Amino acid sequence: MTAAEATPAGVPAAVPDPPSAPRRLDVDPLLDDPATRIVVCCGAGGVGKTTTAAALGVRAAERGRKVVVLTIDPARRLAQSMGIDELDNTPRRVPGVSADGGGELHAMMLDMKRTFDEIVEAHADPERARAILANPFYQSLSAGFAGTQEYMAMEKLGQLRARDAWDLIIVDTPPSRSALDFLDAPKRLGSFLDGKLIKVLMAPAKVGGRAGMKFLNVGMSMMTGTLGKLLGGQLLRDVQTFVAAMDTMFGGFRTRADATFRLLQAPGTAFLVVAAPERDALREAAYFVERLAAEQMPLEGLVLNRVHGSGAARLSAERALAAAENLDEGRIVDQGGGQTRVGGPAAASPEASPAPDSTTETSPAVAELTAGLLRLHAERMQVLAREQRTRDRFTALHPDVPVAEVAALPGDVHDLAGLRAIGDRLATDPRPA
């Protein structure tokens with residue numbers, strides 16, 4: 001029996017209740033809590049992660065925390081908005097941000113290659129470090145190997161946390177369209193270092209002496225011949241030299257990556273998924289939420305950026321369009337004292353016109369402008385309705401995820417005042433009670 005057959009005549013079928021409003025994400029208690037040591041902003045590209053991270057940093061510092069913001073965004077927008085000429089691999093104090101409680105704000109931008117160089121210099125003796133840094137394969141690997149940026153972001157986070165110079169670290173993760181590469185980097189590096197090719201290339205160095213040379217000449221003759229044809233003999237020799245020099249460091253890479261991964265799972269870390277109120281962005285956000293849950297990462301909530309609003313929300317899109325059409329067609333006529341008359345036969349008839357002092361006649365130009373404004377309002381209300389539908393879908397899938405909605409600013413954020421405005425919006429719920 002269908003639902004229609006089961007419903008008595010004249011009684012409308014039951015309509016499912018709309019999803020309840022999600023819990024509000026309270027940003028200020030999160031930033032004020034001294035137990036919160038790391039906040040990770042993650043999400044797809046172009047949704048405002050960098051701006052969100054910077055705004056959180058400014059707000060936390062001005063509420064008394066000693067904060068460092070680590071960004072991976074190469075566009076340097078963070079430096080410009082904070083009034084710093086340039087960000088690099090060294091945390092720099094942001095001027096103009098202070099608090100009575102002694103808060104400070106520092107900012108830095110990840111230099112992937114420099115971070116890799118620092119690891120080599122810190123964990124290898126000077127002679128071996130020079131050999132590694134001069135190796136052509138290392139130079140290529142450190143500048144652009146797949147996953148290197150994400151892994152180095154993990155390394156830098158671990159370094160900052162170990163220094164204990166700041167009581168809050170805010171991380172702006174690399175943009176990712178389909179996966180949390182920031183979390184995958186340690187596993188990917190481990191797979192690379194444990195791969196068969198690396199083990200074969202490391203074997204001669206491990207065996208050593210004549211036995212090692214014999215192994216290289218006999219056991220690798222076919223492989224090196226094939227790889228030499230594919231990669232070139234010089235590149236293969238560079239790879240072998242690099243692997244031999246890095247042999248003692250490989251275990252350290254895995255150990256530090258695993259330690260940072262556990263740090264991200266520990267109490268005191270909070271993940272914020274950042275999204276825009278658009279279908280594709282919220283689909284990505286849903287994936288991030290599910291992946292964080294699978295990795296047992298502490299999700300604090302969703303930051304929904306650039307949410308639109310209207311000061312005349314009571315006027316629906318349908319009514320606004322109808323009024324605009326009436327103005328265009330001259331169907332809004334004066335029907336009594338104080339009413340507005342716009343064109344049309346009735347308005348032109350002397351018999352239909354009341355006394356001049358009781359009528360306000362609207363010119364065609366004003367009517368055209370009013371109709372245009374009504375259509376703009378209708379478009380805005382349609383945008384609002386579309387954003388609400390996408391939010392409702394996300395809320396239905398993840399009803400337990402708190403949400404902070406950030407009302408859209410009229411322009412781009414380019415200074416500390418703009419970052420403070422974003423912080424205020426993060427901490428203020430724009431939704432009616």
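Student: Leaving aside neighbours within four places in sequence, which residues is A53 in contact with?
Tutor: A53 is in contact with C41, V69, I170 and D172. Contact means heavy atoms within 4.5 Å. Keep in mind that this is a predicted model: local features need pLDDT of at least 70, side-chain atom pairs count only at pLDDT 80 or more, and totals for chains, interfaces and linings use all residues. Residues are numbered from 1 along each chain as its sequence is written, and side-chain values use heavy atoms, with hydrogens and water left out.

Student: Where is A53, and is A53 buried or exposed?
Tutor: A53 is in helix α3 (residues 49–62). Helices are DSSP runs of H or I with at least four residues, strands are E runs of at least two, and both are numbered from the N terminus. A53 has a relative accessible area of 0%, so it is buried. Buried means under 20%, exposed over 50%, and partly exposed in between, with a 1.4 Å probe and protein chains only.

Student: How far apart are A53 and G423?
Tutor: In sequence, 370 residues; in space, 9.7 Å from C-alpha to C-alpha.

Student: Zoom out. How many helices and strands does the protein have?
Tutor: There are 18 helices and ten strands. Of the 433 residues, 44% are buried.

Student: Which residues have the most contacts inside the largest nonpolar core?
Tutor: F182, L264 and L302, in a core of 56 residues. Helix α13 (residues 233–265) gives the most to this core, with ten residues. A nonpolar core is a set of buried Ala, Val, Leu, Ile, Met, Phe, Trp, Tyr and Cys residues joined through side-chain atoms within 4.5 Å. A second, separate core has 38 residues, including V58 and M82.

Student: What does L302 touch?
Tutor: Beyond residues up to four places away in sequence, its partners include L25, V273, F394 and P402.

Student: Switching to charges. How many salt bridges are there?
Tutor: The count is 19. A salt bridge is a side-chain nitrogen of Lys or Arg within 4 Å of a carboxyl oxygen of Asp or Glu. One of them joins D32 and R63, with the closest N and O atoms 2.7 Å apart. D32 lies in helix α2 (residues 27–32) and R63 in the loop between α3 and β2 (66–71), so the pair ties together parts that are 31 residues apart in sequence.

Student: What about R391 and E387?
Tutor: Their side chains meet in a salt bridge at 4.0 Å, N to O. R391 and E387 sit four residues apart in helix α17, about one helical turn. Both R391 and E387 are buried.

Student: Which residues are linked in a network of salt bridges?
Tutor: K113, R114, D117, E118, E121 and K156.

Student: And aromatic pairs, how many?
Tutor: Two. Rings of Phe, Tyr and Trp (its six-membered ring) pair if their centres lie within 6.5 Å; planes under 30 degrees apart count as stacked, over 60 as edge-to-face and the rest as tilted. F116 and Y138 are edge-to-face, 5.1 Å centre to centre with 80° between the planes. Both F116 and Y138 are buried.

Student: Why is the pair of Y287 and F288 edge-to-face?
Tutor: Because the planes of Y287 and F288 are at 85°, with the ring centres 6.3 Å apart. F288 counts as buried at 1% relative accessibility, whereas Y287 is partly exposed at 32%.
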